[in-house]
Amino acid sequence: MRSSQFFLPTLRENPAEAEIVSHRLMLRAGMIRQASAGIYSWLPLGFKVLKKVEQIVREEQDRAGCQEVLMPTIQSADLWKESGRYDAYGKEMLRIKDRRDREMLYGPTNEEQITQIFRDSIKSYRYVPKMLYHIQWKFRDEVRPRFGVMRGREFLMKDAYSFDMDYEGAKRSYNKFFVAYLRTFARMGMHAIPMEAETGPIGGNLSHEFIVLADTGESQVYCDRKFLDYDVLGKDINYENPSEVEGVVKHFTSLYARTDEKHDQSAFEKEVADAGQRYVGRGIEVGHIFYFGTKYSEPLKAQVQDKDGNPLTVHMGSYGIGVSRMPAAIIEASHDENGIVWPESVAPFKVGLINIKVDDAAATRMCEDIYAKLRNANVEVLYDDRDERAGAKFAEMDLIGLPWQFVVGPRGAAKGLVEMKNRKTGEKVELSVDAALERLGA
Ligand code: 5CA
């Protein structure tokens, strides 16, 4: 993509309405724009990141054996009356009437909808267990939407649902999501700490929140440093082996991890005996998983026949990831005074190519050559070909946080050299075009 054509409305000044760093940087980097309170449009740069986050979430759900569906945003109120949640959900639910005066709602979550689909389709134990997910927009009329996409009213969520014959089966499904979540957040370059949690309006009695570490996060985190040392991506997990999956879960659930509300300093000191192993920091909730047994399957009559032909009410769990919250959480965890520092896995482009003097024939020829080669090798590149001051180009490239920068000017071009900068470390090296391309796998 050429910057001269790209829709990237960056802002030089800090927008007054943004209280936290990710909101400021997402506005300044031209990633999002507010449509109304807690409702945002995603512009090209932000949308690219959102899609990458979504794809990592999808791949890890698929790997765990969960199948993708797509349920609607608009749901019928009747279904929610069956579960008893229509009245219970309160003012957070956006209620709508259609032209025939039928009560509808914009879904804040989909337990009812998926239970109806399951109930109408699956009648035998032979087709259980099942795990289904979708990635769809939700609406919750939050009292105080704030911090940009971090706490929006309309937001994109991955919500998954599991169906099992009994508690043991449901626990096996729960464990798969637990591990899939660890992998998902690790792939986005973050440490996720699973914490025992309250179940709130979703219900149930087994639940974990996943908190990613970020110095500027909303919650205070107290945990064992072993969480940070564990490499969940280092070995391939076999999701079809329940004891292997459970082993990973047990390792994590045996360690001390609390947020400030539940923190007990003396338990922390006792359980994490070595002071050097105690980690105190901040974090952001990005995922939440629940086991709630028959809370929805009972009222909605989701039953299957067991081996002896007897009807059995299925045990369920639900598993959410805040997909549109993720880009903001990643920025909170990864930025500096000059802007965003994207981990490669979610970066909107892998490299920014800066031509510091467009009217220099050698520099422009070299840039065009690099640009063509990167594109041929399918390396995503943003090429700043505009006739702008070099300083403004550098500042904008740092602000949008692409992992690599190639800087080409008349002096280097004359010698056939390009400067390659690592956005995260600031380290710069001068290389031949071929050597620079090779470092990016092109
Ligand atoms: N049905 C369950 C799981 S599928 C559920 O709704 N869980 S939840 O309420 O905890 O939401 C799941 C995730 O969505 C949260 O961990 C959070 O990352 C994200 N989320 C929740 N509310 C918002 C919001 N207002 N704005 C952005 N993300 C949100």
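Biologist: How many residues surround the ligand?

Modeller: This is a predicted model, in which local features need pLDDT of at least 70 and side-chain atom pairs count only at pLDDT 80 or more, while totals for chains, interfaces and linings use all residues. Residues are numbered from 1 along each chain as its sequence is written, and side-chain values use heavy atoms, with hydrogens and water left out. A residue belongs to the surroundings if one of its heavy atoms lies within 4 Å of the molecule. The closest are Thr-109, Glu-111, Arg-140, Gly-152 and Glu-285, and the number of residues that surround the ligand is 22.

Biologist: Which strand supplies the largest share of the shell around the ligand?

Modeller: Strands here are DSSP runs of E with at least two residues, and helices are runs of H or I with at least four, numbered from the N terminus. At least two shell residues come from each of β8 (154–164), β13 (278–293) and β16 (315–322). The largest share, 5 residues, comes from β13.

Biologist: How far from an oxygen atom of the ligand does a polar side-chain atom of Glu-285 lie?

Modeller: A polar contact is a pair of N or O atoms within 3.5 Å. A polar side-chain atom of Glu-142 lies 2.8 Å from a nitrogen atom of the ligand, and a backbone N or O atom of Val-286 lies 3.1 Å from an oxygen atom of the ligand. For the polar side-chain atom of Glu-285, the distance to a ligand oxygen atom is 2.4 Å.

Biologist: Which residue in the turn of the hairpin formed by β22 and β23 has a positive phi?

Modeller: Strands β22 (residues 417–422) and β23 (residues 428–432) run antiparallel and are joined by 5 bridges, where pairing requires that DSSP finds at least two bridges between two strands. Val-418 stands opposite Leu-431 in β23. Between the two strands of the hairpin there are 5 residues, and the turn residue with a positive phi, of about 80°, is Gly-426.

Biologist: Which residue has a positive phi although it is not a glycine?

Modeller: The loop to inspect is the one between β7 and β8, where Phe-147 lies. With a phi of about 60°, the residue asked for is Phe-147.

Definitions and conventions
A polar contact is a pair of N or O atoms within 3.5 Å; within protein, one must be able to donate a hydrogen and the other to accept it, and residues adjacent in sequence count only if both atoms are side-chain atoms.
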